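Welcome! Please take a moment to look over the sequence and the model, and then we can walk through them together.

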Amino acid sequence: MQGSGTISDPYIITNASELWSMPLYGDSSLYYALGCDIDLNGCFRNGNVTPIPLECAGLDGRGHRIRNLYMNDQTSELSAFLIYNTCREITIKDLIIENFKIAANKFSFFSGSNCNLKLYNCTIGAHIRSNANPTSRSSFMNKNSVYIHAELCSFILRIYANTAFNVFVDAELRRCQVRSELIYNSLSTQSPSYDRYFIAYSTINDCIFVIDLKPLSTTASYKYFLNTIVSTVQNSYVDFSSSDTTQFIWNSSPNTPCFCISRTPDTTTYTGSARAYILTEAQAKDVSYLESIGFDVTEE
Amino acid sequence: MGMNIIIGRNNGLPCIAELNDLPSSSDMTSPFPEHIMMCNGGLPYLDTPHKGTRAAFTDLAVKMKNTDHLYFNGHEITAAYMDGEERLRVRFTE
């Protein structure tokens, strides 16, 4: 690869082989950047279940895309990226991940241990099928002890799973937006354990969550719990819809005013809490109304 | 920092000014990126929900669902990849 691996002269990745070669160069102090879009469609790795290894201090996408990763092994636990144990902090910036399709027995997008993963100005688009839930204190995005710190990122996720599970855990999201299409075989009618919330043990500031829930089996009084057990949530909102009669529950109080949007006609019932408002779509578009409830928004 | 309501953005709802709006549900990640939807030697067609309807790949990228099957000259396409000249190559069931 061109470059010397420093922050000012990173190694330049230009194809799939180089993308998988970080451990050959390896140590956790090196910097990499993409020199072009990398399309994994038809490459030797496509269909291989070996995750993309991350052993570096930083990966700069430079606005390029990694697209069309396809993994299918529904008997194994898989991840899209594997962070090596030597890494305690990795920064990924200006990267677009597009059209990753992964089917696994258990799945977390980023796996590893004891690493702070900083994502800045990234977009992640993925279709995920996970037959069983990931390890405890994990989520579909991160396996336990990989801590996601994301700023100005977009997550576009279609998740097919047996039942509800954390989408984010131990994460810090700042000025991020998430669209999740959640296709679940079943949902609980009871209060969940901590690993059934959309978000758990996380800090959320100025974020947008669009959640489209599609339970496949029907039971009266489904409950879906947005948040946020043991989390800090500030100035964020949820646009929730369901294909079935579901109770959407804001389970714990956000720390500053937040809201979800109740649309009509809609068979969903909404449960708010202190500082968690249930607004009509018109109210959610009205700057004056949002300001009146203490939501920090400006009109341009 | 807060959010912004900007005319023409995010259907009038608060948005994050620095980010592009999220795709709508129907525009979720396409089966393949649109710009590689080139076909060499004929048009594929979509089995469902428009059985028998012939369409260009660019249309299919928007219309396909996960459960749809893509056919080419009567054969189901099982894999697709780009060659070095930005042409789409496909594999079929025989």
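The paragraphs below go from the confidence of the model to chain A and then to chain B.

Let's begin with a word of caution: what you see is a predicted model. For the complex, the predictor reports an ipTM of 0.90 and a pTM of 0.83.

Now turn to chain A. An assignment of domains divides chain A into domain 1 (1–126 + 144–151) and domain 2 (164–300). Where do the two meet? Five residues of domain 1 of chain A are in contact with eight residues of domain 2 of chain A. On the domain 1 side of this contact in chain A, three residues are nonpolar, one is polar and one is charged.

Next, look for the largest nonpolar core, which has 98 residues. The members that touch the most other members are Leu54(A), Ile83(A), Ile102(A), Ile148(A) and Phe259(A). Domain 1 and domain 2 of chain A both give residues to this core, so the core lies between them.

Strand β15 (residues 154–163) of chain A runs parallel to strand β18 (residues 177–186) of chain A, and nine bridges join them. One point to find along this pairing is Leu157(A), whose bridge partner in β18(A) is Ser180(A). β18(A) also pairs in the parallel sense with strand β21 (residues 208–215) of chain A, over eight bridges. There, Glu181(A) stands opposite Asp212(A) in β21(A).

Finally, let's visit chain B. This chain has one helix and six strands, and from the N terminus on their order is β-β-β-α-β-β-β. Of the 94 residues in chain B, 16% are buried. Among chain B contacts between residues at least 6 apart in sequence, 31% join residues at least 24 apart.

How confident is the predictor in chain B? The mean pLDDT of chain B is 59, with 26% of its residues reaching 70 or more. Within chain B, confidence is highest in strand β1 (residues 3–5), at a mean of 95, and lowest in strand β3 (residues 53–54), at 34. Residues 29–62 of chain B have a pLDDT below 50, and in the model this stretch has 64 contacts beyond near neighbours in sequence.

Conventions: Residues numbered from 1 in each chain as written. Chains lettered and ligands numbered in written order. Predicted model: local features only at pLDDT ≥ 70, side-chain atom pairs only at ≥ 80, totals over all residues. pLDDT = per-residue confidence, 0-100. Helix = DSSP H or I, 4+ residues; strand = E, 2+ residues; numbered from the N terminus. Contact = placed C-beta atoms within 7 Å. Core = buried A, V, L, I, M, F, W, Y, C linked by C-beta atoms within 7 Å. Buried ≥ 20, exposed ≤ 12 C-beta atoms within 10 Å, placed from the backbone. Domains from an automatic or database assignment. Nonpolar A, V, L, I, M, F, W, Y, C, P; charged D, E, K, R; others polar. Pairing = 2+ DSSP bridges.
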